[in-house]
Number of protein chains: 2
Amino acid sequence: MRPAKVNLEEKFRKVDTTWTPRIVAEVNDFFVKIVKLRGEFVWHRHESEDELFLVTKGEFTVRLRDRDVRLREGELFVVPRGVEHMPVAAHEAHVLLLERKSTVNTGDAGGERTVAPEWV
Amino acid sequence: MRPAKVNLEEKFRKVDTTWTPRIVAEVNDFFVKIVKLRGEFVWHRHESEDELFLVTKGEFTVRLRDRDVRLREGELFVVPRGVEHMPVAAHEAHVLLLERKSTVNTGDAGGERTVAPEWV
């Protein structure tokens, strides 16, 4: 496939659910995903995978066990592997994720909110 | 080190040169870098490393041998491994790079524009 450029706003318009990461690009063994956040997710951690969050619209909080990290548009944060976290968004936020292809959205928690990411 | 959030605008304010990628985050074996572009770079390719460009301010063009890919704010493009490319920016553009830690900015071309990336 001839690689195409990705317009993030256009891709976000095609996502009509929250907490369902969708793949927009691959870079070696990493996926770049976009996700809409609203409300609370579940506490979880990724044993061997760091996870990057970059806010492209709105704001949200990464809750850690010892503190909250509040992220606004144009800010990014990497949750190190093994660290428990729970994303929380009072209002809808648009977030770009960067994580290994092997990363599962709910990490070690599993459960009904686990989804296999698809391309958008 | 306790991971801190990164405000991209603040980081860009600390970069006073063009074509010198600076590291702002690491995600497993990848670095997230920021770079200011203005003018022409050199034709080069990365043998085994894909390279992602995401424009956070302004616009620039990724020249490929068979076409030009013009990127504006909020757009990203992945240059697949092995593909020759040359970034060109008529005006200063702010770009986020995502690439393996092993990636050298000038790829196979080498030369005087090669720089070892430092954190900012």
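Two residues are in contact if their C-beta atoms, placed from the backbone, lie within 7 Å. This is a predicted model; local features need pLDDT of at least 70, side-chain atom pairs count only at pLDDT 80 or more, and totals for chains, interfaces and linings use all residues. Residues are numbered from 1 along each chain as its sequence is written, while chains are lettered from A and ligands numbered from 1 in the order in which they are written.

**The interface**

The contact takes 24 residues from chain B and 24 residues from chain A. On chain B, at least two residues each come from strand E1 (6–7), helix H1 (8–13), strand E2 (22–27), strand E3 (30–40), strand E6 (68–72), E7 and E8. E7(B) gives the most to this side, with 4 residues. The side of chain B that touches chain A divides into 15 nonpolar, 3 polar and 6 charged residues. Here Ala, Val, Leu, Ile, Met, Phe, Trp, Tyr, Cys and Pro count as nonpolar, Asp, Glu, Lys and Arg as charged, and the others, Gly among them, as polar. Helices (H or I, at least four residues) and strands (E, at least two) are DSSP runs, numbered from the N terminus.

**Strand pairing**

Two strands pair if DSSP finds at least two bridges between them.

| Strand | Partner | Bridges | Facing residues |
|---|---|---|---|
| E1(A), residues 6–7 | E7(B) | 2 bridges | Asn7(A) and Glu75(B) |
| E4(B), residues 51–57 | E7(B), residues 75–79 | 4 bridges | Leu54(B) and Leu76(B) |
| E4(B), residues 51–57 | E8(B), residues 85–100 | 6 bridges | Glu51(B) and Glu99(B) |

E4(B) is mostly covered: 5 of its 7 residues are buried. A residue is buried if 20 or more other C-beta atoms lie within 10 Å of its own, exposed if 12 or fewer, and partly exposed in between.

**Two residues of chain A**

Leu8(A) lies in helix H1 (residues 8–13). Leu8(A) counts as buried because 20 C-beta neighbours lie inside 10 Å. Beyond its neighbours within four places in sequence, Leu8(A) contacts Ile34(A), Thr56(A), Leu96(A), Gly74(B) and Leu76(B). The C-alpha atoms of Leu8(A) and Thr56(A) are separated by 8.6 Å, yet these residues are 48 apart along the chain.

Met86(A) lies in strand E8 (residues 85–100). Met86(A) has 17 other C-beta atoms within 10 Å, so it is partly exposed. Outside four places in sequence, the contacts of Met86(A) include Phe41(A), Trp43(A) and Arg63(A). Gly39(A) is 47 residues from Met86(A) in sequence and 11 Å away in space, C-alpha to C-alpha.
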